[in-house]
Amino acid sequence: MAEFTELEGQDGVRMTWNVVPGTKQEASICLVPVSAIYTPIKPFPSMPVLPYAPLRCRNCSSILNPFCVMDFAAKIWMCPFCFQRNHFPSHYASISEENLPAELFPQYTTVEYKSPGEASLHSVLLFVVDISIIEEEMTFLKSALSQAIGLLPENSLVGLITFGMLVHVHELGFCAVPKTYVFSGSKDVSRNQLLEQMGLFLNKSKPITGVIAGVRDGLSSESIARFLRPASDCEFALNSVLEELQKDPWPIPADQRSSRCTGTAVSVAANLLGACFPGSGARIMAFIGGPSTEGPGAIVSKNLSEPIRSHKDLDKDSAPHYHKAIKFYEALAKQLVHQGHVLDLFACAVDQVGVAELKVAVERTGGFVVLAESFGHSVFKDSLRRVFQTGDKGLGLSSNGIFEVNCSKDVKVQGILGPCASLEKKGPLCSDIIIGQGNTSAWKMCGLDQATSLCLIFEIVKKDIPDATVQSSSSQFYFQFLTYYQHSTGEMRLRVTTLSRRWVAGPGSIQDLIAGFDQDAAAAVMARLLSFKMESEAEFDPIRWLDKALIHICSRFGDYQKDAPSSFSMSPRFSIFPQFMFHLRRSQFVQVFNNSPDETAYFRMILNRETVANSVVMIQPSLISYSFQSAPEPALLDVSAVAADRILLLDSYFTVVIFHGSTIAQWRKAGYHNQPEHQDFSLLLQTPREDADAIIKDRFPVPRLVDCDQYGSQARFLLAKLNPSATYNSDGPRPGGDIIFTDDVSFEVFLDHLQRLAVQ
């Protein structure tokens, strides 16, 4: 595993197959697709940043890289993708084997180019704040927003929209009297209506034709500055508006939900930014405290007798508002992608707010999502603070990204699963099979950060197995990933990553394939693919699909004698993969029972943007055991790990659980840790807490911390993730003194069945 992590440390790429199946048939029987999880702007301390323009191939536009074949005498380089011979320009005249530019150094397979002399642009933030919430929540939200405003960079531009039954656009450029423009929440507001009603062309005549797009189309900077002002200028005005902000004054009948026009408010924000700052790295930050009940994008009626849609309703197609809301947010996503703007979502309510419907707009624009129970919860407050943190601990928020891919001719791209939108750049690289954002070789990433990861699914199109002589001479595949983006400093950068992988085909290739299999990356890819299929294919059975794939993989890559399950074994490269699939079958990505559509959408959105290491923690949580007998050590994710004299720390990515065994809990309640003679016990209680804090500090969104005791109600957060090796109907002694009340099969039974089916 270590060498795959090393490769990721050099290029930010993890591939499922690091030795690629060489023909279409070979790839299809491998079942795990040939795919790469790539983190486009992962920080590398040793990566060179080059202050000049890149050199491109005149045929396929790929960029000069260490895999190009050089002819130093003739000053010619050959492109490894299309084999075009290109002449070096005059400023490369002194190039030789001893005098190479940085992009040709073999260790610099990832380099970055910095465009010289480009002016940095302001970051633009538009807060869209829900005021149809109770007073207590209002107080929490106002306090969090005031803190956030204090953390903003001075040159960033800020605007404020509040909404309940109506949408209020606040004018921040006129402090003497607070002034707002009010729009009806029950119908969508077009850009032209917005421009007219807000008087953005007050002193000038409005252009008769064409799209209104910022200052260059006659929109005066004074007009824009009324609504979007530098943080340093409007901090006082913004805080004054927030202080005086009251909950929505419209009366709510006892049998009705409050009026909330989320869709209209976000649409007004998108139109305002589209008119004022098209193409800039602007973010709409929506803070929502309940379900949308008014106007386009509503997810439920105001009548409390109508429940909010559940998974069952979506399966039966009996959610009356769902498809209409999805259609509205798809159109909004298209508009935001065209404008280059990001939608971020902070959903804080005990009830659902419509994350499932908003998902398409948030995901395609590369926005982030935070789901919490209240605006007073640490998950929300700490996550919001992290967004505005700068330096090494910051998220490294970047914008305006365009991601392109180039491959050798025997590979095509089926699509990307992740936070991006297709730019519909069709060409010979596009596969006929579309997965996620497909049928293109270029994607828009309106917003991205240092951890944003894309999952590229490839298709091997080579039909025949070449003979051995040809295979040995041309067995390299090449991939090149180009990410053009606006760095957090405001500079435009181009990150270029070029990879080479070997392909193998024929009867002797199976050992090579096994040696190049990355089971962590494969688990992450299977989880993304499964989530995508569950959302896009009607009547899809995820468990059956997973089991079938796993049986095929085990029978193809396992060592066994036919019809002898006891003889079955797998290479260390594959040995943990069945375990990952067992936990994936039980995870919140597959088992939607007991989760709302909003929660499921949230979990899948985070999975779709995270790195391999984080995805693996979501699929198979890590468990650490603390006791007097030994130092902290990893424990099996099994009910047998539970013991009365032990503390367990579970990290399932979304929640971090500190679980105290019954004896430890009794000692703590008796106050032994406060007595000087029990220093060791105090230390034992403190260590998992410190480790949990370290996990929480480095993660975004911030996970929920659950501190619980054995047999307590919150122990369910741990027990739900453990392998049920001892259940209420198990025979024999119970090793850990605890059981799980479930009818799920244990991993041992699962493995036993898998071996029996694989050897048939």
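Reader: Which residues does Phe-458 touch, leaving aside its neighbours within four places in sequence?

Author: In this predicted model, Phe-458 is in contact with Val-34, Ser-35, Ala-36, Cys-407, Val-411, Lys-412, Val-413, Gln-414, Phe-479 and Phe-481. A contact needs heavy atoms within 4.5 Å, and each of these residues is in contact with Phe-458.

Reader: What makes a set of residues a nonpolar core, and where does Phe-458 come in?

Author: The members must be buried residues of listed kinds, Phe among them, joined through side-chain atoms within 4.5 Å. The largest such core has 138 residues, and those with the most contacts inside it are Phe-458 and Phe-481. A second, separate core has 36 residues, including Val-129, Leu-152, Val-158 and Leu-245.

Reader: How do you know whether Thr-264 is buried or exposed?

Author: Its relative accessible area is 0%. Under 20% is the condition for buried, so Thr-264 is buried. Thr-264 belongs to helix α7 (residues 262-276). Not counting residues up to four places away in sequence, Thr-264 touches Val-167, Ser-184, Gly-185, Lys-187, Val-189, Gly-295 and Pro-296.

Reader: What about Ala-265, buried or exposed?

Author: Ala-265 counts as buried, at 0% relative accessibility. Ala-265 also lies in helix α7. With residues up to four places away in sequence set aside, Ala-265 touches Val-128, Phe-163 and Val-167. The C-alpha atoms of Ala-265 and Val-504 are separated by 54 Å, and these two residues are 239 residues apart along the chain.

Reader: How do you know where the buried residues of α19 fall around the helix?

Author: The buried residues of helix α19 (residues 662-669) are Ser-662, Ile-664 and Ala-665. Seen down the axis of α19, these buried residues fall within an arc of 160°, so they line one face of the helix. They pack against β28 (647-651), β29 (655-660), α20 (679-697) and β30 (704-709). Just after α19, Gly-671 takes a positive phi of about 80°.

Reader: How many bridges pair β26 with β27?

Author: There are 2 bridges between β26 and strand β27 (residues 633-634), in the antiparallel sense. With a requirement of at least two, 2 bridges are enough, so β26 and β27 pair. Pro-634 in β27 stands opposite Ile-624. β26 and β27 form a hairpin, with 6 residues between them.

Reader: Why are β5 and β7 said to stand at the edges?

Author: The open sheet has 3 strands in the order β5-β6-β7, with antiparallel pairing. β5 (69-71) and β7 (85-87) each have a single partner strand, so one side of each is left without a neighbour in the sheet. Neighbouring strands of this sheet are turned by 25° against each other on average, direction ignored. β5 and strand β6 (residues 76-78) pair over 3 bridges in the antiparallel sense. The bridge partner of Asp-71 is Ile-76 in β6.

Reader: What holds paired strands together?

Author: Strands of a sheet pair through backbone hydrogen bonds, either parallel or antiparallel.

Reader: How do you know whether the radius of gyration agrees with that of a compact globule?

Author: A compact globule with 760 residues would have a radius of gyration near 27 Å. The protein has 28 Å, which agrees. The C-alpha atoms fill a box of roughly 80 × 80 × 60 Å along the principal axes.

Reader: What share of the protein is buried, and how many helices and strands are there?

Author: Buried residues make up 56% of the 760 residues. There are 22 helices and 30 strands. Among the contacts with a separation of 6 or more, 72% are between residues 24 or more positions apart.

Key: Residues numbered from 1 in each chain as written. Predicted model: local features only at pLDDT ≥ 70, side-chain atom pairs only at ≥ 80, totals over all residues. Heavy atoms only, no water. Helix = DSSP H or I, 4+ residues; strand = E, 2+ residues; numbered from the N terminus. Axes fitted to C-alpha atoms, helices over the stretch in contact; angles between N-to-C directions. Buried < 20%, exposed > 50% of the residue type's maximum accessible area, 1.4 Å probe, protein only. Arc of directions from axis to C-beta. Rg over C-alpha atoms; globule rule 2.2 N^0.38 Å.
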